[in-house]
Amino acid sequence: MGFPEKITGITDLSHAFASAYIQSGELAVDCTAGNGLDTLFLLKKSAPDGFVFAFDIQQDALDRTRTLLENAGIPSCRFRLVHDCHSRLGSYVKQEIAVCMFNLGFLPGGSRDITTTPARVIAALESAITLLKKFGVIVIVMYPGHEQGREEEQTLLNHVQGIDERLCRVMHIRNMNTLKTSPSILVIQKLRA
Ligand SMILES: C[S@@+](CC[C@H](N)C(=O)[O-])C[C@H]1O[C@@H](n2cnc3c(N)ncnc32)[C@H](O)[C@@H]1O
């Protein structure tokens, strides 16, 4: 999959960036498993023998993810679903990461009170940068359409501006001619091993 002919959804765009930097057999991390769509995408891109860690603090999300992966015929030896906060990523992942994805906010159809927080995302981001391979990428989809999401986006944008430019390229993609509340994407590429 490359970039879509017509840019419509933010998910398509986030997948296009991610898919450019992951190959068969590589390791990827989904920091926010949710319904499992990003986890499944990463498993397909790293097939047949790549591996994906998927984190979520809600067992319900991991159950949904497991069902999706099983229905898609993904062998269980290719993924690990981690019921823990993504800030503890470094306790589980020891190998080099090709792509790491975050899709912030709350579980669609779940409680809006259980949501990502900037401090935890930043902790996970720092671990992911350390583990990322040279030219690997982190893709973060942010939803500033509600107050908490807006604050989260702003805190993350402030944080990433401080990342050493010799270590990472940091890009922010936003739809400029529509409501300011549309989702945006951060793409962070590590420039050295
Ligand atoms: C918008 S959903 C993710 C959508 C998902 N990527 C998909 O493809 O369906 C955000 C998820 O992040 C999870 N989450 C919130 N805080 C978290 C944390 N600290 N660590 C791991 N997951 C977290 C929520 O439980 C929720 O399931």
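Is glutamate 153 buried or exposed? Select it and see: glutamate 153 is buried, with a relative accessible area of 4%. Here buried means under 20% relative accessible area, exposed means over 50%, and partly exposed is in between, using a 1.4 Å probe and protein chains only.

Before moving on, note that this is a predicted model, in which local features need pLDDT of at least 70 and side-chain atom pairs count only at pLDDT 80 or more, while totals for chains, interfaces and linings use all residues. Residues are numbered from 1 along each chain as its sequence is written, and side-chain values use heavy atoms, with hydrogens and water left out.

**Stop 1: helix H6**

Stay with glutamate 153, which sits in helix H6 (residues 147–160). Helices (H or I, at least four residues) and strands (E, at least two) are DSSP runs, numbered from the N terminus. Now show what touches glutamate 153: leaving aside neighbours within four places in sequence, its contacts (heavy atoms within 4.5 Å) are Met142, Pro144, His172, Arg174 and Ser184.

Next, click glutamate 151, also found in helix H6. Glutamate 151 counts as partly exposed, at 46% relative accessibility.

**Stop 2: the ligand**

Select the ligand, whose space is the largest pocket. A pocket is an open set of points on a 1 Å grid over the protein atoms alone, where a 1.4 Å probe fits, with protein on both sides within 12 Å along at least five of seven lines. Around the ligand are 23 residues (a heavy atom within 4 Å), and the closest are Thr32, Asn35, Asp38, Asp56 and Gln58.

Zoom in on aspartate 56: an N or O atom of its side chain is 2.6 Å from an oxygen atom of the ligand. Polar backbone atoms come in too, with asparagine 35 at 2.9 Å from a ligand oxygen and leucine 37 at 3.1 Å from a ligand oxygen. Taken alone the ligand exposes 610 Å², and the protein buries 96% of that; these areas come from the Shrake-Rupley method with a 1.4 Å probe.

**Stop 3: two backbone features**

Most residues other than glycine have a negative phi, and most peptide bonds are trans. Go to alanine 47 and proline 48, which are joined by a cis peptide bond with omega about 5 degrees. Proline 48 is in the loop between H2 and strand S2 (51–56).

Finally, pick phenylalanine 135 in strand S5. Its phi is positive, near 75 degrees, and phenylalanine 135 is partly exposed at 42%.

Notes. Polar contact = N/O pair within 3.5 Å; in protein donor to acceptor, adjacent residues only side chain to side chain. 1 Å grid on protein atoms, 1.4 Å probe; cavity = no way out; pocket = protein on both sides within 12 Å on 5 of 7 lines; lining within 4 Å. Sits in = over half its atoms within 2 Å of the grid points.
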